[in-house]
Amino acid sequence: RIRLLGKADRSVLILAHGWFTALVSGPYRTILPFLLASGTLFVWLGGFGMIVLNSRRSLILAGMPMGEASGADMPTLSIIVPACNEEETIERGMRSLLALDYPNLEIIAVNDRSTDATGAILDQLSAADPRLRVLHIETLPAGWLGKNHAMHFGSQAARGAWLLFTDADVVFTRDALRRTVAYAEGQCLDHLVLSPQCETHGFWERLFVSYFALMFSFRVRPWEVADPNSTAFVGLGVFNLVRTSTYQEFGGHRALRMDVTDDMKLGKVMKRGGYRTEMQEGGALVSVRWVVGFQGVIDGLTKNAFAGFDYKLLTALAACCGLLISALYPVDALFSHLETVRIMGVMSLMMMMAGAAIMRRVSQASAWYGLAFPLGAVVLVYIILRSISRAYRQNGIIWRGTLYSLDELKKSVV
């Protein structure tokens with residue numbers, strides 16, 4: 001076929017073939033692997049270094065002395081627990097709250113249109129302890145997500161100087177609230193977030209919680225949350241403690257009516273308003289079984305994954321590429337013909353192991369789980385892509401049996 005072409009065309013083809021051969025056999029096989037290996041190593045070293053260098057700012061409140069403000073003179077506290085079809089976990093969570101030794105306490109459980117025995121269990125517990133009040137929601141007003149409305153509904157009935165928003169499956173130690181409220185008062189905070197200890201069982205739960213917790217730390221930068229000059233913010237559904245006067249000042253959950261990531265965005269609203277917000281490690285004070293089994297890992301995050309990127313498709317896809325390259329290329333580098341690239345691949349895997357070791361207090365996963373982080377990255381990317389696909393296929397998100405349109409969700413992003 002080349003013979004049928006003119007001399008000029010043949011020259012172009014020969015030149016193009018020469019350049020392609022040079023790239024494949026020369027710079028492509030040397031420079032690109034080196035750049036990828038060094039880039040991924042830089043990412044892991046940088047992320048690990050940030051966590052280690054800023055670890056001194058992180059406190060484990062479980063081991064801190066409570067100080068003087070730990071008795072009857074402590075401020076009133078209202079705990080608000082939204083619950084929808086939580087019959088399997090609601091009693092355990094409520095009993096841990098009722099066992100708290102915090103004085104001046106009220107617990108408001110909001111039964112949000114449950115179709116199982118959640119409401120009956122809550123009513124039974126309430127009859128035995130007057131500190132627990134149960135509110136029942138029968139219908140969802142337009143323009144609200146169910147959980148966001150339940151927390152707003154509960155806050156309207158609360159009488160405490162502090163509000164704690166927590167999930168129905170969270171378990172607290174007896175002194176958890178005395179320690180955290182005393183700390184928040186002592187630091188003059190408006191918002192305190194506590195990271196939980198995750199109860200994990202089996203390989204998949206430990207791997208994913210370990211990997212996700214590390215990626216979450218890289219992205220959120222919890223050590224910068226308290227810095228008023230930083231844009232870092234955070235919020236967690238397991239423990240969002242807010243000063244009531246501050247909460248009412250910015251409009252409470254009315255400002256978050258249709259935001260799926262309401263727990264995180266509560267922190268964003270606090271930071272944007274100039275309020276004092278902080279995140280600390282709860283240690284054993286707060287624990288939760290965040291995901292249950294491999295399928296629980298997949299299903300548990302599918303709803304929120306795309307929302308975590310504010311429904312920005314390109315941002316989500318770029319994040320998927322970054323996760324895959326940073327986690328998978330170190331494995332590929334082990335088989336490189338270049339010794340330098342192989343060494344950097346080994347170093348990246350060692351950084352993954354170091355990251356898993358840091359997250360052990362949260363995930364109960366040993367450092368060896370770091371070697372499986374490439375697998376964790378594949379699972380997380382699959383969840384993100386699944387979340388994107390479902391959102392566009394359904395034109396929205398189905399949450400607790402209710403479909404919320406994608407256009408409405410995008411308009412309501414805080």
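1. Ala377 lies in helix 14 (residues 373-394); helices (H or I, at least four residues) and strands (E, at least two) are DSSP runs, numbered from the N terminus. The model is predicted: local features need pLDDT of at least 70, side-chain atom pairs count only at pLDDT 80 or more, and totals for chains, interfaces and linings use all residues. Residues are numbered from 1 along each chain as its sequence is written, and side-chain values use heavy atoms, with hydrogens and water left out.

2. Ala377 is buried, at a relative accessible area of 0% (buried means under 20%, exposed over 50%, partly exposed in between; 1.4 Å probe, protein chains only). Not counting residues up to four places away in sequence, Ala377 touches Tyr211, Leu323, Leu324 and Ala327 (contact: heavy atoms within 4.5 Å). Leu323 is 54 residues from Ala377 in sequence, yet the two are 6.1 Å apart in space, C-alpha to C-alpha.

3. Helix 11 (residues 313-333) and helix 14 are roughly antiparallel to each other (angles over 145 degrees). Residues in this contact include Cys320, Leu323 and Ala327 of helix 11 and Ala377, Val381 and Ile384 of helix 14. By class, the contact has 19 nonpolar, no polar and no charged residues; Ala, Val, Leu, Ile, Met, Phe, Trp, Tyr, Cys and Pro count as nonpolar, Asp, Glu, Lys and Arg as charged, and the others, Gly among them, as polar.

4. Strand 1 (residues 77-83) is largely enclosed by the rest of the structure, because 7 of its 7 residues are buried. Leu77, Ile79, Val81 and Ala83 point one way from strand 1, whereas Ser78, Ile80 and Pro82 point the other way.

How values were computed
Parallel < 35°, antiparallel > 145°, perpendicular 65-115°, else oblique.
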